[in-house]
Protein chains: 2
Amino acid sequence: MRAAALRLFARHGFAAVSMRQIAAEVGVQAGALYLYTPDKQALLFELMRDHLEELLADWRAPDAAPVAQLEDFVRHHIRFHLDRPELVFIAYMELRNLTPENFAVIEGLRRDYEDRLEAILRAGQQAGDFAVPDTKLATMALIAMLTGVTTWYREGGRLDRAAVAGIYWDMVRKAVAA
Amino acid sequence: MRAAALRLFARHGFAAVSMRQIAAEVGVQAGALYLYTPDKQALLFELMRDHLEELLADWRAPDAAPVAQLEDFVRHHIRFHLDRPELVFIAYMELRNLTPENFAVIEGLRRDYEDRLEAILRAGQQAGDFAVPDTKLATMALIAMLTGVTTWYREGGRLDRAAVAGIYWDMVRKAVAA
């Protein structure tokens with residue numbers, strides 16, 4: 001059911017998809033869906049929340065110097081998001097369709113993730129490894145840059161994932177270097 | 001009519017908005033809209049095409065060294081996109097709703113813009129000012145990073161536009177530096 005909702009939301013947009021269409025995609029009657037979810041809003045919210053909770057659970061900063069932590073963050077971020085292009089698309093595009101309460105939860109989780117990157121940048125700044133005039137802005141800039149890979153990367157293209165991650169890591173490393 | 005369509009597409013998504021709703025937003029009967037546009041697809045396409053044509057017309061590389069060209073590109077890109085957050089959102093989100101012919105036109109315009117940045121990176125690479133192992137990837141990375149400003153920047157916030165552009169320019173400059 002989640003997978004069907006994700007596919008349809010990504011293809012047509014949340015507002016244009018009905019519970020009836022989701023049921024048809026799953027291959028059940030619309031009534032059967034309501035045994036599992038109260039409504040379409042709950043489905044959207046759970047997709048976005050679980051995506052971010054999985055992201056937070058999937059990565060911890062290694063016990064290492066800030067530069068090594070940053071490299072680990074960059075490579076993990078690219079890998080995790082390349083595995084889930086539809087969720088990335090929805091997580092950005094459908095924020096406007098969350099209720100205010102649900103939006104607050106999603107924003108909180110997103111901030112938790114951003115805070116992890118910012119903590120690395122601050123530690124590196126204090127250690128003299130990085131020169132980042134504004135760690136908050138650098139956090140937003142780097143996350144946008146890394147997530148952008150999902151908009152153009154195609155499996156089987158000119159460069160494989162490892163090559164892409166290596167080139168992005170090189171740019172990130174230099175962008176924050178002291 | 002364009003402004004009304006843009007507002008509604010950005011708020012609800014292209015697929016969820018009807019010509020009738022656009023007419024109501026303009027304050028005319030639906031029939032009147034068809035005097036000006038053949039359909040909703042044409043409206044979406046023209047919004048996206050005109051956005052990119054304006055972007056291309058609004059910026060030419062200055063007659064200067066690659067570093068100065070790059071700085072001019074960065075500052076212009078941020079300014080232009082911060083002025084048009086709804087168009088930025090739609091240009092990314094509604095690509096999936098273009099017909100194949102319209103998609104090809106939009107992709108071509110987008111590539112023309114990317115090519116301008118890549119030309120700067122290549123020139124700087126040849127002059128020994130930049131060390132960019134893959135100019136195509138660097139182009140995609142930098143555009144995603146810069147466009148991302150529209151997702152978090154709020155007028156009247158902690159930093160004004162000039163401060164934000166200065167900090168982003170600093171990161172870009174370092175990211176591609178030799």
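## About the model

This is a predicted model, in which local features need pLDDT of at least 70 and side-chain atom pairs count only at pLDDT 80 or more, while totals for chains, interfaces and linings use all residues. Residues are numbered from 1 along each chain as its sequence is written, chains are lettered from A and ligands numbered from 1 in the order in which they are written, and side-chain values use heavy atoms, with hydrogens and water left out.

## Where chain A meets chain B

Let's start with the two chains. Here 35 residues of chain A are in contact with 35 residues of chain B (contact means heavy atoms within 4.5 Å). The size of an interface is often given as the accessible area lost when the parts come together. For chain A and chain B that buried area is about 3,000 Å², and carbon and sulfur atoms give 67% of it (the area is what two parts lose on being put together, with a 1.4 Å probe, summed over both). On the chain A side, A:Tyr92, A:Arg96 and A:Leu137 lose the most area to chain B, together 22% of what that side buries.

There are two salt bridges between chain A and chain B (a side-chain nitrogen of Lys or Arg within 4 Å of a carboxyl oxygen of Asp or Glu). A:Asp134 pairs up with B:Arg158 in a salt bridge, with the closest N and O atoms 2.8 Å apart.

Which elements give two or more residues to the side of chain A that touches chain B? They are helix H1 (2-12), helix H6 (85-93), helix H8 (135-147), helix H9 (149-152) and helix H10 (161-176) of chain A. H10(A) gives the most, with eight residues. Helices here are DSSP runs (H or I, at least four residues), numbered from the N terminus. By class, this side of chain A has 24 nonpolar, four polar and seven charged residues. Ala, Val, Leu, Ile, Met, Phe, Trp, Tyr, Cys and Pro count as nonpolar, Asp, Glu, Lys and Arg as charged, and the others, Gly among them, as polar.

## Two domains in chain A

Chain A is divided into domain 1 (1-37) and domain 2 (41-176), with bounds from an automatic or database domain assignment. Their C-alpha centres lie 28 Å apart. Across the boundary, 13 residues of domain 1 of chain A are in contact with 14 residues of domain 2 of chain A. The two domains bury about 1,200 Å² between them, 71% of it on carbon and sulfur atoms. In domain 1, A:Arg2, A:Leu6 and A:Phe14 lose the most area to domain 2, together 53% of what that side buries.

Two salt bridges are counted between these domains of chain A. A:Arg2 also meets A:Asp50 in a salt bridge, at 2.7 Å from N to O.

## A look at A:Ala91

A:Ala91 sits in helix H6 of chain A. Is A:Ala91 buried or exposed? A:Ala91 counts as buried because its relative accessibility is 12% (buried means under 20% relative accessible area, exposed over 50%, partly exposed in between, with a 1.4 Å probe and protein chains only). Not counting residues up to four places away in sequence, A:Ala91 touches A:Met48, A:His51 and A:Arg110.
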